[in-house]
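This report describes a protein model for a reader who works with computed structures. The sequence and the coordinates are shown first, and the description follows.

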Amino acid sequence: MLTVNCPTPTASLGFASRPMSLKTITNLNRLYIQPRPFVQPQTLSQQIQTIVDQIKKCSNLNQLETIYATMIKTNANQDCFLTNQFVSACATFCRMDYAILAFTQMQKPNVFVYNALIKGLVHCHNPFQALDYHKHMLRAGVWPSSFTFSSLVKACGLVSELGFGESVHGQVWKHGFESHVFVQTALVDFYANVGKFAESKRVFDEMPDRDVFAWTTMVSGFLKAGDLVSSRRLFDEMPERNTATWNAMIDGYARVGDVESAELFFNQMPVKDIISWTSMINCYSKNKQFREALAVFEEMRRNKVSPDEVTMASVISACAHLGALNTGKEIHHYVMQNGFYLDVYIGSALVDMYAKCGSLERSLLAFFKLREKNLFCWNSVIEGLAVHGYAQEALAMFDSMERHHVKPNGVTFVSVLSACTHAGLVEVGRQRFLSMTRDYSIPPEVEHYGCMVDLLSKAGLLEDALFLIRSMKLEPNPVIWGALLGGCKLHRNLEIAQFAVNELMVLDPHDSGYYTLLLNLYAEVNRWAQVTKIRQMMRELGVKKGCPGSSWIEMESEIHQFAASDKSHLASDEIYSILAELDLQLKLAGYVSDELGSIY
């Protein structure tokens, strides 16, 4: 067999230096052992561009660390342009500790590196560090640019410190940036955010040039101040408007409950984006027009606008308030079908929706399927268990929340105390009420006192409830006195009931509900003279029965609303005919209705 002596380079391939057959050499050649073509060394500019391209393609921190190691090895970490790119990349991952480390390794960082560092710190919510590096910049003799000041003004806004902002404003004048539009726009926004609306307007008026963003920022400033007249006047004066301007107006009117004006702006918009649709849905929801909110969502889908997680959470919440279980199921299916991530907002909305619609099993299923659970999710499931009467399960869920190291808030304790009220767990309720302040440093609000008064009153501990009301550090509201009055009716305590009504006549003299409770209470003990006296008092005060409550029923994905004595529904004649038949059947079966409900 023909043999040849293997040359020295084979040792570097991990083979011993020994004779090899021609067949073996041929096989090795097939395994890529081929002469490599000569590669021209990269120029400095090509090396820099390669590193920049690598930084821009980074998808995780490990890749970023590897690139920086290469920069250190080649001394490229002293290049200001590359470090600027690296610091900006660190900011996208919110790892400003890496950025600061890279910054400290530089001998002479320029203004671009400082700007990237300050901007990154602001983006990652470290405003005080951003302000510190501005001082460092000045001490190093590096002259700031307009980009420096736009980030610094945002930092001042985050810390809500007027003094810092005024100091930076002075630096803007000192360095001659008073005519830069985006710096001045940042100042307009800053002063509005800290409540200095006159200063905000003055900066805006002094701007030599204004773009659409400056106009929109000033419109938003007036809206934050609640000055709808000025915002509308400025809106009408704008030489041009963008979608953000229209969205700001919709949101401003929605916040003050002016749904009609918000609708007007929404309908007049030339172009609507996802924020426009979501703002209008939120506007209806906040003003308890939940059917309208669902209608806008359907219109949004017809217009081929894809909703986001915020939109879906609002729509699911609207279903919860309507008790529209079938519609809620459809929207849940839409969420899953369109690949939405079940974040804590959609998740808590689903838990709440199913619970409010009476499907506790689905509510619990949605809760346990959530990968990430925050306080809102836990609050929703505890409240759902509480309102369905599962007090022990609600308390157990609270204990589970603690084991998961999620700290409760005031809303959590409202649900816990409500659960105790539903089950009559007086001592447990008292302990939880004390624990709220003692163990969690949560001061009791009116809602917590209301739950405790309701718990004690329903248990017949009316003296204890009255003592708790008198010991409150807060002013008791009509709901608290109403809870006491409800307990008095339940246990027929006329003395404390009269005391509660006297307070209610001062706090809410035109609410007929409290008078009705007292009327029924006197009627139960045959005190008809007092009934007549209260009716006379109501006539003199002009107290009339308030708007009737409404109920919803969902049939075939359509929601029908009814109020007491309402005959506006198209099928009202048929409905009342069936109700009359049911009433007759009940009477034939021996049912006796409670006539006291119609005493007033």
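C357 counts as buried, at 15% relative accessibility; buried means under 20% relative accessible area, exposed over 50%, and partly exposed in between, with a 1.4 Å probe and protein chains only. C357 is in no disulfide, and the nearest cysteine sulfur, that of C319, is 7.1 Å away. A disulfide is defined as a pair of cysteine sulfur atoms within 2.5 Å. The structure as a whole holds zero disulfides. C283 is also buried, with a relative accessible area of 1%.

## Basis and confidence

The model is predicted: local features need pLDDT of at least 70, side-chain atom pairs count only at pLDDT 80 or more, and totals for chains, interfaces and linings use all residues. Residues are numbered from 1 along each chain as its sequence is written, and side-chain values use heavy atoms, with hydrogens and water left out.

The mean pLDDT (the predictor's confidence in each residue, from 0 to 100) is 83 for the protein, and 86% of its residues reach 70 or more. Over residues 1-22 the pLDDT is below 50, and this stretch has 16 contacts in the model beyond near neighbours in sequence. Contact means heavy atoms within 4.5 Å. Residues 594-600 likewise have a pLDDT below 50, with 15 contacts beyond near neighbours in sequence.

## Overall architecture

The protein has 32 helices and four strands. Helices (H or I, at least four residues) and strands (E, at least two) are DSSP runs, numbered from the N terminus. Of the 600 residues, 43% count as buried. Among contacts with a separation of 6 or more, 57% are accounted for by residues 24 or more positions apart.

In the model, residues 242-272 are 74% helix and 0% strand, with their end C-alpha atoms 10 Å apart.

## Packing of helices 8 and 10

Helix 8 (residues 146-159) and helix 10 (residues 181-193) pack at an angle of about 5 degrees, with their axes 9 Å apart. Helix 8 is therefore roughly parallel to helix 10, a term for angles under 35 degrees, whereas those over 145 count as roughly antiparallel, 65 to 115 as roughly perpendicular and the rest as oblique. Axes are lines fitted to C-alpha atoms, for helices over the stretch in contact, and angles run from 0 to 180 degrees between N-to-C directions. Residues making the contact include F147, F149 and V153 of helix 8 and F182, L187 and F190 of helix 10.

## Buried helical positions

V416 is in helix 24 (residues 410-423) and counts as buried at 1% relative accessibility. Leaving aside neighbours within four places in sequence, V416 is in contact with I382, L395, F398 and R432. V416 and L395 are 21 residues apart in sequence and 6.6 Å apart in space, C-alpha to C-alpha.

## Positive phi in loops

Most residues other than glycine have a negative phi. C94, which is not a glycine, has a positive phi of about 55 degrees; C94 lies in the loop between helix 4 (80-92) and helix 5 (96-104) and is partly exposed, with a relative accessible area of 42%. K304 has a positive phi of about 60 degrees and counts as exposed at 76% relative accessibility.
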